[in-house]
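Visitor: Could you take me through one part of this model up close? I'd like to look at the charged side chains and who pairs with whom.

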Amino acid sequence: MQPIVSITDVSKTYATGFQALKSVSLDIHKGEIFALLGPNGAGKTTLINIICGIVRASTGHVLADGHDIISDYRQARFKIGLVPQELTTDAFETVWATVTHSRGLFGRGHNPAYVEKVIRDLSLWEKKDSKIMTLSGGMKRRVMIAKALSHEPTILFLDEPSAGVDVELRRDMWGLVRSLRDSGVTIILTTHYIEEAEEMADRVGVINKGEIILVEEKKALMRKLGKKQITLELVKPLDKVPEGLAHYQLERSADGHELTYSYDTQGSRTGITALLHDLSEAGIRFRDLNTQQSSLEEIFVNLVRERP
């Protein structure tokens, strides 16, 4: 299946000599939610700005729904909606006026019914006649999304969409993003809220120091790189872990009442049976145990930490 966004050997070096991107290649599938994760300065926003035609790449090329973003700029840009990090809206315009105006900028015909649907879907209808300057930060973020959707794009970029949005509005936004995906819109988002990617994404890409270091389906990534932990609640507290158990690399809680053992879910043997046997031999008894899967955030932090 042809990707809806195809990025090939894209690099960007600024006049200062700083290389923001280093030969990035990436395909994004039609109808997916793709989360691009990376620390500050990793190149996320630069990559999005290149795809959207805001920044020009030093090398490489990008296709948006089959249209080259340079040689066929108008058609490529018509396919894309962008919600940037910065809240750049017309402060003295009303919500209705600014969304309608954005639609017209892309040559879309007058369609009040569609504009109304977008505004209602974003829970902005009661604010439709309010000036942008009177809205909260969270509401302004919703207006930015409405503007990006005004011309009915098939590809939507959300650059830190939950910045400045409270938890309740964030969850509403997640629901909106899923409904957009279900309607056929491809979503590419960058986020500092890794639980956002864990909640919504179909695939995850990790970028660090201008390079894509991993692209994987979210579930497969967590299965392959995730670790599980088993925590044992002890009958009697331990002052220290016996030397005979050192090879298990057990973590003792501060009060000595718990031991935690981490193991690779992909290993041929977890070592749990041997651990329980050796604990019994050492006279260490436990009253309860529980297991925990590592989160996407832990996986991400470890991936970035391991890169030189």
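Guide: Let's start at Arg 120, which is partly exposed, with 42% relative accessible area. Keep in mind that this is a predicted model. The partner of Arg 120 is Glu 116: the two form a salt bridge whose closest N and O atoms sit 2.8 Å apart. Both residues belong to helix α4, and the spacing of four residues puts them about one turn of the helix apart. Glu 116 comes out partly exposed too, because its relative accessibility of 29% falls between the 20% and 50% cut-offs.

Stay with that helix for a moment and follow the chain onward. Ser 123 lies in the loop that runs between α4 (112-121) and α5 (137-149). Its backbone is worth a glance: phi is near 55°, a positive value in a residue that isn't glycine. Ser 123 is partly exposed, at 46% relative accessible area. If you like that sort of thing, Asp 9 also has a positive phi, about 50°, and isn't a glycine either. Asp 9, though, is found in strand β1 (residues 5-13), and with 42% relative accessibility it counts as partly exposed.

Back to the charges. Asp 129 and Lys 128 form a salt bridge, with 3.5 Å between the closest N and O atoms. Asp 129 is exposed, since its relative accessible area of 56% is over the 50% cut-off. Lys 128 has 22% relative accessibility and counts as partly exposed.

Now for a pair that reaches across the chain. Glu 152 forms a salt bridge with Arg 103, and their closest N and O atoms are 2.8 Å apart. Check the accessibility on each side. Arg 103 counts as buried because its 6% relative accessibility is under the 20% cut-off, whereas Glu 152, at 31%, counts as partly exposed.

Over the whole structure, the search turns up nine salt bridges.

Conventions:
Residues numbered from 1 in each chain as written. Predicted model: local features only at pLDDT ≥ 70, side-chain atom pairs only at ≥ 80, totals over all residues. Heavy atoms only, no water. Helix = DSSP H or I, 4+ residues; strand = E, 2+ residues; numbered from the N terminus. Buried < 20%, exposed > 50% of the residue type's maximum accessible area, 1.4 Å probe, protein only. Salt bridge = Lys/Arg side-chain N within 4 Å of Asp/Glu carboxyl O.
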